[in-house]
2 protein chains.
Amino acid sequence: MHGYLLTIAYDGAGFAGWQRQEGFDSVQERLEEALGHLFGEPVVVHGAGRTDAGVHALRQCAHVHVPRDFEPHDLLRAVNGHLPETVRVRDCRRVPPGFHARFSASGKRYVYRSVVSRILPVFGRGRVHWIRRPVDLERIRAGARHLRGEHDFAAFSSNPGYQRKRGTVRRIDQLRVVRRPHGFDLFAQGNGFLYNMVRTIAGTLIDVGVGRSEPDDVASILASCDRRRAGFNAPAEGLYLLRVLYPPEAFDPRTAWAVNAAECGVGSFAEGPG
Amino acid sequence: MHGYLLTIAYDGAGFAGWQRQEGFDSVQERLEEALGHLFGEPVVVHGAGRTDAGVHALRQCAHVHVPRDFEPHDLLRAVNGHLPETVRVRDCRRVPPGFHARFSASGKRYVYRSVVSRILPVFGRGRVHWIRRPVDLERIRAGARHLRGEHDFAAFSSNPGYQRKRGTVRRIDQLRVVRRPHGFDLFAQGNGFLYNMVRTIAGTLIDVGVGRSEPDDVASILASCDRRRAGFNAPAEGLYLLRVLYPPEAFDPRTAWAVNAAECGVGSFAEGPG
C-alpha cells in the first residue's frame with residue numbers, strides 16, 4: 001500500500017460536515033467515492049479531524065493508503081477530476097506508512113470570520129457570521145488575553161465528556177483579532193481544540209465585543225469549567241479550518257505517527273514503531 | 001409621488017441579470033415585486049444600467065417613484081424584508097422629481113476579480129474568474145496604459161451598433177491593477193462603459209498578462225475599432241459593479257437628471273427643466 005497526505009479545501013455550506021454519515025452529503029464520502037472510483041476498490045480517508053456541518057476548510061489534511069503507486073501530482077489531478085467543485089485537493093505528498101493525519105498532527109489553526117453591518121451581507125451568506133451591532137475590537141482583544149496558554153477549556157466545549165481520553169486541557173498558542181474592511185477575523189492556533197471550542201470562544205468574545213459581557217468575565221468563565229457560563233456557539237458558517245500542523249518528524253518513516261500519539265491518549269505507541 | 005434613490009448589492013450568480021425578462025429571475029423584478037407588495041400597486045424600478053447574467057453589484061443604483069411617503073430608512077427596511085438574501089438595499093435617500101438613476105449618473109466604477117491558481121478555487125465559484133496560468137501584472141499594467149483617457153472603444157464592445165445614440169467614445173479615468181494574495185483585481189472607472197466593455201478589457205489584458213499577446217498590442221487593438229482584434233469576453237462571474245457616480249447637482253431639484261442627459265443622447269433636455 002502507498003501512503004499519501006492530501007491537503008483539501010472545501011466550502012462547507014453544502015455539506016453535513018467532514019465525517020461520513022448515512023443519508024448525508026459529507027466531504028469524507030465525496031473523497032472516498034472519488035478514490036474508490038479511481039482504484040476500483042474502497043479507500044478509507046482518514047481526516048485530521050472532523051468539521052461540523054457548514055464549517056469550511058482551506059487546508060484540511062487527510063491520509064490515505066491506496067493499492068497502486070501514483071505520482072503525487074497525478075493522484076491530485078485524478079482525484080480532483082472526480083470531486084464536486086466545492087471540494088478540491090490542493091496538495092498531495094507521499095508519507096511513510098506510520099503517518100496518521102490525526103495522531104501525527106501537533107496542532108491546528110482556525111479563523112472565525114465576522115462581518116459587522118446593519119445590512120445583511122449579500123456575499124457573506126454561508127461564508128461569514130453576520131453581527132448587526134457595533135463591535136469594540138479592543139474589548140475582544142482584552143478578553144482573548146485570558147484564553148492564551150494552557151488551560152482546562154471545559155467551559156468552551158459543547159460536549160466535554162466526549163473528550164474523556166485526552167481530557168479538556170489544551171494549549172492556545174495564538175488568539176488574535178484582525179480588523180477587516182467590513183468586520184474582523186479571529187485567528188486561533190493551538191495544540192488541539194475541543195468539540196465546538198473555537199465557535200464557543202468566538203461567541204463568548206463577540207458577547208464581550210458588543211458589550212453583553214466584560215473582558216474580565218472571560219477569566220471567570222474559563223475558571224468555572226462550566227459550559228453554561230460561556231457565550232453562544234457562534235454559527236458554523238464563519239469558521240474555517242486553516243491548517244493542520246505537523247512536526248517534521250511526522251514525515252520521518254522511523255517515527256511517523258507515534259510523534260503525538262501519546263498526547264492523543266494512544267500512549268502505548270509513544271515510543272514509535274522503530 | 002415620492003422619489004427615492006436605492007443603492008443595492010446583489011450576488012449575480014443566481015440571476016439572469018439586472019433587467020426584468022419574462023421567464024427569468026432578475027434583480028429588477030425582485031425589487032419591483034418587493035415594492036409592489038409594499039405599496040399594493042406596480043412600482044417601476046429604474047436602474048442606473050443593466051448588468052448581465054452572473055455579474056454582481058456592490059452598489060448598483062436605481063430610482064423609484066412611490067405613491068406614499070416613507071422615511072428613507074423605513075423604506076429600506078421594508079423593501080429588504082421582501083427581498084431574497086441575494087439582494088439587499090444598502091442605502092435609501094430622497095431625490096428630487098427630475099432625478100434619473102441613469103441619465104443623472106456621471107460615471108461608474110467596476111472591479112474585475114481574478115484568482116490565479118493551478119487548482120480550482122473552492123470559494124471562488126461564481127465570484128471570481130479563475131486563471132490557471134501564471135500572470136505577469138507588470139505586463140497588464142503596461143497594456144492598461146493604452147486604455148486610459150478618452151478613446152473610441154468600439155473594439156471593446158460586443159455590440160457597438162447598439163450604442164448608436166451616444167456613439168462608442170468613452171473616457172476611462174482609472175484603470176488600475178491591484179495584486180491580491182491569490183490573484184488580482186482590475187479596477188475600472190469611467191464616464192460610461194459600452195456593452196461588455198469591462199469584460200472585454202479584462203479579457204484582453206489577461207491575454208497580455210499570460211503572454212498570449214503583447215502590452216503594445218492593446219494600442220493597435222484600440223485603434224482598429226474592431227472587436228475581433230480584442231481578447232475574450234472575460235466571464236461574468238468576475239465582474240462587480242462597485243459604484244454609480246453622481247455629480248452633486250444631480251441631487252439639486254433645479255437641475256436633477258438634465259445634468260448628464262446631453263451626454264446620454266437626450267440633448268433636448270440639456271438645459272434642465274428650470
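This is a predicted model: local features need pLDDT of at least 70, side-chain atom pairs count only at pLDDT 80 or more; totals for chains, interfaces and linings use all residues.
Two residues are in contact if their C-beta atoms, placed from the backbone, lie within 7 Å.

The domain assignment of chain A gives two parts, domain 1 (2–94) and domain 2 (108–242). Their centres, taken over C-alpha atoms, are separated by 28 Å. Where the domains meet, 13 residues of domain 1 of chain A are in contact with eight residues of domain 2 of chain A. Sorted by class, the side of domain 1 of chain A that touches domain 2 of chain A has five nonpolar, six polar and two charged residues.

The chain as a whole comes next. Chain A has five helices and 10 strands. Along the principal axes, the C-alpha atoms of chain A fill a box of roughly 55 × 45 × 30 Å. For 274 residues, a compact globule would have a radius of gyration near 19 Å, and the value of 19 Å for chain A agrees with this. Buried residues make up 44% of the 274 residues in chain A. Among the contacts in chain A with a separation of 6 or more, 71% are between residues 24 or more positions apart.

An α-helix has 3.6 residues a turn, so residues three or four places apart point the same way. In α2 of chain A, the residues A:L75, A:L76 and A:V79 are buried. These three lie on the same side of α2(A) because they cover an arc of only 100 degrees around the axis. What covers the buried residues of α2(A) includes β1 (2–10), α1 (27–39) and β4 (87–94) of chain A. On the other side of α2(A), A:H73 and A:D74 are exposed.

Helix α1 of chain A also holds A:E32. Leaving aside its neighbours within four places in sequence, A:E32 is in contact with A:R20, A:V43, A:V44 and A:V45. A:E32 and A:P42 are 10 residues apart in sequence, and their C-alpha atoms are 7.2 Å apart in space.

A further example comes from chain B, where B:V198 lies in helix α4 (residues 197–210). With 27 other C-beta atoms within 10 Å, B:V198 is buried. Not counting residues up to four places away in sequence, B:V198 touches B:Y110, B:Y112, B:A188, B:F193 and B:L239. B:V198 and B:N233 are 35 residues apart along the chain, with 8.7 Å between their C-alpha atoms.

Most residues other than glycine have a negative phi, and most peptide bonds are trans. A:N196, although it is not a glycine, has a positive phi of about 65 degrees. The place of A:N196 is in the loop between β9 (183–190) and α4 (197–209) of chain A, and A:N196 counts as buried, with 22 C-beta neighbours inside 10 Å. In chain B, B:C225 is another residue other than glycine with a positive phi, near 55 degrees. B:C225 is found in the loop between α5 (217–224) and β10 (239–245) of chain B. What is the exposure of B:C225? B:C225 is partly exposed, with 16 other C-beta atoms within 10 Å.

Finally, the two chains can be viewed together. Two copies of a chain are related by a rotation about an axis and a shift along it. Here, a rotation of 180 degrees with 0.0 Å of shift along its axis superposes chain B on chain A, with an RMSD of 0.0 Å. That is the relation of a two-fold axis. The same surface serves both copies, since 100% of the contact residues of chain B recur in chain A. Of the residues of chain B, B:F123 comes closest to the rotation axis, with its C-alpha at 5.6 Å.

The contact between the chains takes 13 residues from chain B and 13 residues from chain A. On the side of chain B that touches chain A, the elements that give two or more residues are β1 (2–10) and β4 (87–94) of chain B. Of the elements, β4(B) gives the most to this side, with three residues. By class, the side of chain B that touches chain A has seven nonpolar, one polar and five charged residues.

Technical notes. Residues are numbered from 1 along each chain as its sequence is written. Chains are lettered from A and ligands numbered from 1 in the order in which they are written. Copies are superposed by least squares on the C-alpha atoms of residues with pLDDT of at least 70 in both. Helices (H or I, at least four residues) and strands (E, at least two) are DSSP runs, numbered from the N terminus. Ala, Val, Leu, Ile, Met, Phe, Trp, Tyr, Cys and Pro count as nonpolar, Asp, Glu, Lys and Arg as charged, and the others, Gly among them, as polar. A residue is buried if 20 or more other C-beta atoms lie within 10 Å of its own, exposed if 12 or fewer, and partly exposed in between; C-beta atoms are placed from the backbone. The arc is that of the directions from the helix axis to the C-beta atoms. Domain bounds come from an automatic or database domain assignment. The radius of gyration is taken over C-alpha atoms; the globule rule is 2.2 Å times the number of residues to the power 0.38.
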